[in-house]
Every structure is written in structure tokens, then in C-alpha cells.
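I opened my notebook to work through a protein model piece by piece. These are my entries, in the order I looked things up.

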Amino acid sequence: AEKVLSEILYACFKKMDEYFNIYPKLEIKAYKARWGTCYPKKNKISLNLSLIHVDVDLIEYVVFHELCHFIHLDHSPLFHKTLRKYVPDESKKRQRLKKYKCYYK
């Protein structure tokens with residue numbers, strides 16, 4: 001899981017490098033009800049271990065979502081505009097992701 005999620009984070013980060021100076025630290029945790037979270041002040045992204053069970057494009061969606069929170073802390077229209085730059089069909093991916101469950105409780 002660490003290798004796969006690290007590689008996806010790196011690929012997404014490189015696509016967004018115009019916004020970043022420092023690569024974020026990756027933490028993998030077994031969350032009960034969230035796919036990821038970020039801590040911009042700590043320059044850290046935390047991803048759910050359960051992501052290893054979903055399609056790669058959905059993992060990318062979660063990673064881009066968290067990276068966009070480093071730019072926009074909320075879910076404002078500007079946040080979604082930035083996210084759609086990297087995930088044009090973000091709403092469809094969000095709906096697909098809802099079909100999955102977090103396995104590690």
C-alpha cells in the first residue's frame with residue numbers, strides 16, 4: 001500500500017508542481033469514515049489504507065482532492081475549479097467512491 005500510494009501521490013504532485021515548493025509527507029492510516037485528510041501547516045497528507053482496494057483513478061481523485069486543500073482550505077467554488085483542472089469528472093468519481101467502504105475499523 002505504501003509503495004502504490006506513494007507513487008500516486010508523487011505523480012499527482014508533479015502535475016500540480018506550479019502550486020508547490022515542498023513535497024508533502026505521506027501518512028497511511030486506517031480511518032473508519034474518510035478516504036484522506038491533509039494538514040497544510042504540517043505539510044502532510046494522510047490517506048486511508050482502504051484506498052488500496054479501489055480503482056487507481058479514484059485514488060488519484062482523493063490525492064488531487066487533498067492536494068487542492070493545500071491551495072484552498074475549504075470546499076469553495078475555487079477549490080472545485082482547481083480540482084476540476086486535474087480531475088474534470090470529479091463529481092462522478094466522488095459518486096463512484098461512495099460505493100466503496102473503509103475496510104479497516
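**Ground rules**

I'm working with a predicted model, where local features need pLDDT of at least 70, side-chain atom pairs count only at pLDDT 80 or more, and totals for chains, interfaces and linings use all residues. Residues are numbered from 1 along each chain as its sequence is written, and side-chain values use heavy atoms, with hydrogens and water left out.

For helices (H or I, at least four residues) and strands (E, at least two), I took DSSP runs, numbered from the N terminus.

**Entry 1**

I started with how helices pack. Two packed helices are described by the angle between their axes and the distance between the axes. The axes are lines fitted to C-alpha atoms, for helices over the stretch in contact, and the angles run from 0 to 180 degrees between N-to-C directions.

Helix α1 covers residues 2-15, and its axis is 9 Å from that of α2, at an angle of about 55°. The two are therefore oblique to each other. My cut-offs: under 35 degrees is roughly parallel, over 145 roughly antiparallel, 65 to 115 roughly perpendicular, and the rest oblique.

I also noted that α1 and α2 make a right-handed crossing. A crossing is left-handed if the near helix is turned anticlockwise from the far one by less than a right angle, and right-handed if clockwise.

Which residues make the contact (heavy atoms within 4.5 Å) between α1 and α2? From α1 I listed Leu5, Ile8, Leu9, Cys12, Phe13 and Lys15, and from α2 Val56, Ile59, Glu60, Val63, Phe64 and Leu67. Sorted by class, that is 10 nonpolar, no polar and 2 charged residues. For the classes, Ala, Val, Leu, Ile, Met, Phe, Trp, Tyr, Cys and Pro count as nonpolar, Asp, Glu, Lys and Arg as charged, and the others, Gly among them, as polar.

**Entry 1: α2 against α3**

Next I looked at α3, which is residues 77-86. Its axis and that of α2 come within 10 Å and cross at roughly 140°. That makes α2 and α3 oblique to each other too, and the crossing is right-handed. The α2 side of the contact is Tyr61, Phe64, His65 and Cys68, while α3 brings Phe79, Thr82, Leu83 and Tyr86. I get 6 nonpolar, 2 polar and no charged residues there.

**Entry 2: α2 against α4**

Then came α4, residues 90-97, with its axis 10 Å from that of α2 and an angle of about 110°. So α2 is roughly perpendicular to α4. The crossing here is left-handed. Asp57, Leu58, Tyr61 and Val62 of α2 meet Glu90, Lys93, Arg94, Arg96 and Leu97 of α4. By class I wrote down 4 nonpolar, no polar and 5 charged residues.

**Entry 3: two histidines**

I picked His65, which sits in α2, residues 56-68. Is His65 buried or exposed? His65 is buried, because its relative accessible area is 13%. Buried means under 20% relative accessible area, exposed over 50%, and partly exposed in between (1.4 Å probe, protein chains only).

The side chain of His65 makes a polar contact with the side chain of His69, at 3.1 Å. A polar contact is a pair of N or O atoms within 3.5 Å; within protein, one must be able to donate a hydrogen and the other to accept it, and residues adjacent in sequence count only if both atoms are side-chain atoms. Leaving out neighbours within four places in sequence, I found His65 in contact with His75, Phe79 and Leu83.

His72 is in the loop between α2 and α3. His72 counts as buried, because its relative accessibility is 16%. Not counting residues up to four places away in sequence, His72 touches Leu78, Phe79 and Thr82.

Ile28 lies in strand β1, residues 25-29. With a relative accessible area of 28%, Ile28 is partly exposed. I found that Ile28 touches Ala1, Glu2, Leu5, Leu47 and Leu49, not counting residues up to four places away in sequence. Ile28 and Tyr100 are 72 residues apart in sequence and 18 Å apart in space, C-alpha to C-alpha.

Lys3 belongs to α1. Lys3 is exposed, since its relative accessible area is 60%. Lys3 and Met16 are 13 residues apart along the chain, and their C-alpha atoms are separated by 20 Å.

Last, I checked Asn43, in the loop between β2 (36-39) and β3 (44-48). Its phi is near 55°, a positive value in a residue other than glycine. Asn43 counts as partly exposed, at 21% relative accessibility.

How values were computed. Contact = heavy atoms within 4.5 Å.
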